[in-house]
Amino acid sequence: MTRRVLVLGGTAEARELATVLADRGHAVTTSLAGRTRHPRLPAGEVRTGGFGGVEGLAAALGDVDVLVDATHPFAARMTEHAVAAAGRAGVPLLVLRRPGWTAGPGDRWTRVPSLDAAAAAIPGGARVLLATGRQGVGAFVEVDAWFLVRAIEPPDVLPPRAELVLARGPFALDDERALLDRHAITLVVAKDSGGATEAKLVAARERDLPVLLVDRPPLPEGVDAVATVDEVLARL
Ligand code: NAP
C-alpha cells in the first residue's frame with residue numbers, strides 16, 4: 001500500500017530511507033532544517049526550513065500517513081517537536097536512531113554528558129580536534145587550548161587559538177590519520193553520533209590519544225524507536 005511519508009532528515013540514514021521509500025512507490029517528502037547551504041539531496045520531494053514549532057509541524061501532518069524522525073541523534077528539539085506534533089495530529093511516528101559507538105580495546109574514551117562538560121574536561125595546553133559540529137563551538141571559547149575546529153559551515157564564533165577546517169564527512173581513515181599527525185593533535189572531542197564518521201576515533205586509538213565523547217541526549221519517554229532503515233520498512 002502506498003503511503004505518504006514525511007521524513008525529518010539531515011542524516012545519511014534519512015537519505016537512504018527516502019531512496020528506498022521512493023523506489024517502493026511511496027510518496028516521500030524529506031524535510032531539511034536548511035542549516036547547510038549545499039545539502040546532499042534525497043530522492044523524492046524536499047522541503048526546507050523549520051515548521052514554526054509544534055503547531056506548524058502538526059499542521060504539516062494533515063496530508064501525511066506516517067512521520068519518520070530520522071534527524072541526527074543530537075537534534076533533540078526537533079525530536080521533541082515530532083513527538084508532540086504527531087500526538088496532536090494523530091499521525092503515527094517512528095524514530096530512526098542509529099546506534100551510538102561502543103569503545104573497544106585500546107580506546108581511551110571519556111564520556112561526558114554535554115558540550116560544556118567536554119569543555120571543562122580539556123587539559124590546559126591541549127591540541128584539540130573539535131569535531132562536534134558548527135553549532136556547539138561556543139562552548140569552547142574560554143578553554144585554554146589550541147583547537148582544530150572542523151565543521152561543514154563556518155561557526156559563528158571560534159576559540160581565540162583556533163584553526164578552522166571546512167569539510168563534510170564521512171572521512172577516510174588515512175585522511176584522519178594525516179590530520180591528527182599534521183596538527184600534532186593530543187585530544188579528540190566528538191559527539192557520540194554513531195554511524196560512518198568513526199574514522200577519527202580509529203585514528204585516535206591507533207595513536208593512543210584520549211577522546212572526550214559527548215553523550216547523546218535521551219529520547220523522549222515512550223517513543224517508538226528503531227535503529228535501521230530496514231526496521232522502518234518492516235514497520236510501514
Ligand atoms: P534541533 O536543535 O533539534 O532543532 C531546532 C529547530 O530546527 C527545530 O525546532 C526546527 O524548527 C528546525 N529543524 C530541525 N531539524 C529540522 C528538519 N529536519 N526539518 C525542518 N526543520 C528542522 O536541530 P539541530 O541540532 O539544529 O539540527 C538541525 C538539522 O541538522 C537536523 O535536521 C539534523 O538532522 C541535522 N544535523 C544535526 C546535527 C547535530 O549535531 N545537531 C549533526 C548533523 C546533522 P521549527 O521549530 O521551526 O520547526
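**Notebook: helix packing, cores and backbone**

I began with two helices: α2 and α3 are oblique to each other (angles under 35 degrees count as roughly parallel, over 145 as roughly antiparallel, 65 to 115 as roughly perpendicular and the rest as oblique). This is a predicted model, where local features need pLDDT of at least 70, side-chain atom pairs count only at pLDDT 80 or more, and totals for chains, interfaces and linings use all residues. Residues are numbered from 1 along each chain as its sequence is written, and side-chain values use heavy atoms, without hydrogens and water.

I read an angle of about 50° for α2 (residues 53-60) and α3 (residues 76-89), with axes 8 Å apart; axes are lines fitted to C-alpha atoms over the stretch in contact, and angles run from 0 to 180 degrees between N-to-C directions. Helices are DSSP runs of H or I with at least four residues, strands are E runs of at least two, and both are numbered from the N terminus. The contact (heavy atoms within 4.5 Å) includes V54 and L57 of α2 and H81 and R88 of α3.

Of its 18 residues, I122, V128, F140, F147 and V189 touch the most other members. Not counting residues up to four places away in sequence, V128 touches partners including I122, W146 and V189.

Last, the backbone. The G169 to P170 peptide bond is cis, with omega near 0°, and P170 sits in the loop between β9 (162-166) and α5 (173-182). A184 has a positive phi near 50°. At 43% relative accessibility, A184 is partly exposed (buried is under 20% relative accessible area, exposed over 50%, partly exposed in between, with a 1.4 Å probe and protein chains only).

Conventions. Core = buried A, V, L, I, M, F, W, Y, C linked by side-chain atoms within 4.5 Å.
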